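The sequence and structure come first, and the notes follow.

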Amino acid sequence: MFSRVARPQNATTIGHLVKNFSTTNVASRKVAVMGASGGIGQPLSLLLKNSPLVTQLSLYDIVHTPGVAADLSHINSAARVHGYVGPDQLADSLKGCEVVVIPAGVPRKPGMTRDDLFNTNASIVANLAKACAENCPEALVCIISNPVNSTVPIASEVYKKVGADPSRIFGVTTLDIVRANEFVAELKGLDPATVNVPVIGGHAGITIIPLISQATPAVSFPEDQLKALTERIQDAGTEVVKAKAGAGSATLSMAFAGARFAFSMIRALNGEAGVVECSYVRSDITEATYFSTPIVFGPGGISKNLGLGKLSAFEAGLVEAAIKELKGSIKKGEDFVAKNM
């Protein structure tokens, strides 16, 4: 589905961007990480600091940010780092930012679903979204905080209330694509850096829909193996939570995926054509008013929504099952803003 427009980004791209310190003549880009002291925020900030695409890095959290900023500032890469801590410094942390990445919130623990995080993380995302809308309304906002299926609608509703443009809100589902690429490559003996599997829908459980039929290079699996692979991709976050035995959730892989998404945003801002990532955004592609599909990024955010492409019968069934759950998660987010903001 991508050949006529653009190809999605892969692991080779992020590796090249992080390692290529000699890049010159790039635009000055200021990026903020909200929740920079956390399990995702610290490795994400490290990856952003190492990229020549980032010239200023603004780190915000409610604790420990000056220490994280001081630590990162000793790395001999171009980005200048500034740390901000606490509500009194929130506005200053966002001024002039062009890309804002939000991993803030509490992580999952064994036995928890992403939806269990709602009560805590909903308020965090709503407050940060309000600050973004008031201090950097033109910035592209990349939301990692779970449950993404609800936090993206929360941020969008906050933007509407403030009078800012909600089309600048993006849900980061990139980890699902990264996992799908790795798991398919593992099963087929391929280099994962050469595999691209679009993943649509949402970012929790059955709403995660890997489109194996649209993978490049083309791959196929027997029905039972395809079902098991799909379920592994859908439940991969729980796999990590269980393996960490209460010590956290998927932080390192999420930081990698979040950095890849941010780099794609910046490359599009810099005028590069054909930059594609799947993202959970407001759309009319399905009955669910928010849905992740491959998006062509442009300087203003969404250049083109590539939609679903041609689905297999198995994938069409997954979409149908996901929509009901997505509608409930979306309504929960919208209702939160209506009642609390």
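Leaving aside neighbours within four places in sequence, glycine 105 is in contact (heavy atoms within 4.5 Å) with Asn121 and Ile124. This is a predicted model, in which local features need pLDDT of at least 70 and side-chain atom pairs count only at pLDDT 80 or more, while totals for chains, interfaces and linings use all residues. Residues are numbered from 1 along each chain as its sequence is written, and side-chain values use heavy atoms, with hydrogens and water left out.

Glycine 105 sits in the loop between β4 (99–102) and α5 (118–135); helices (H or I, at least four residues) and strands (E, at least two) are DSSP runs, numbered from the N terminus. With a relative accessible area of 37%, glycine 105 is partly exposed, where buried means under 20%, exposed over 50% and partly exposed in between (1.4 Å probe, protein chains only). From glycine 105 to alanine 273 the C-alpha to C-alpha distance is 33 Å, across 168 residues of sequence.

Two cis peptide bonds are tabulated here.

| Cis peptide bond | Omega |
|---|---|
| asparagine 146 – proline 147 | about 0° |
| threonine 216 – proline 217 | about -5° |

Proline 147 belongs to the loop between β5 (140–143) and α6 (148–162), and proline 217 to the loop between β8 (208–210) and α8 (223–234).

Histidine 64 is not a glycine, yet has a positive phi of about 70°. This histidine 64 lies between β2 (56–61) and α3 (65–73), in a loop, and is exposed at 60% relative accessibility. Alanine 245, also not a glycine, has a positive phi of about 50°. The loop that holds alanine 245 runs between α9 (236–244) and α10 (252–269), and alanine 245 is exposed, at 63% relative accessible area.
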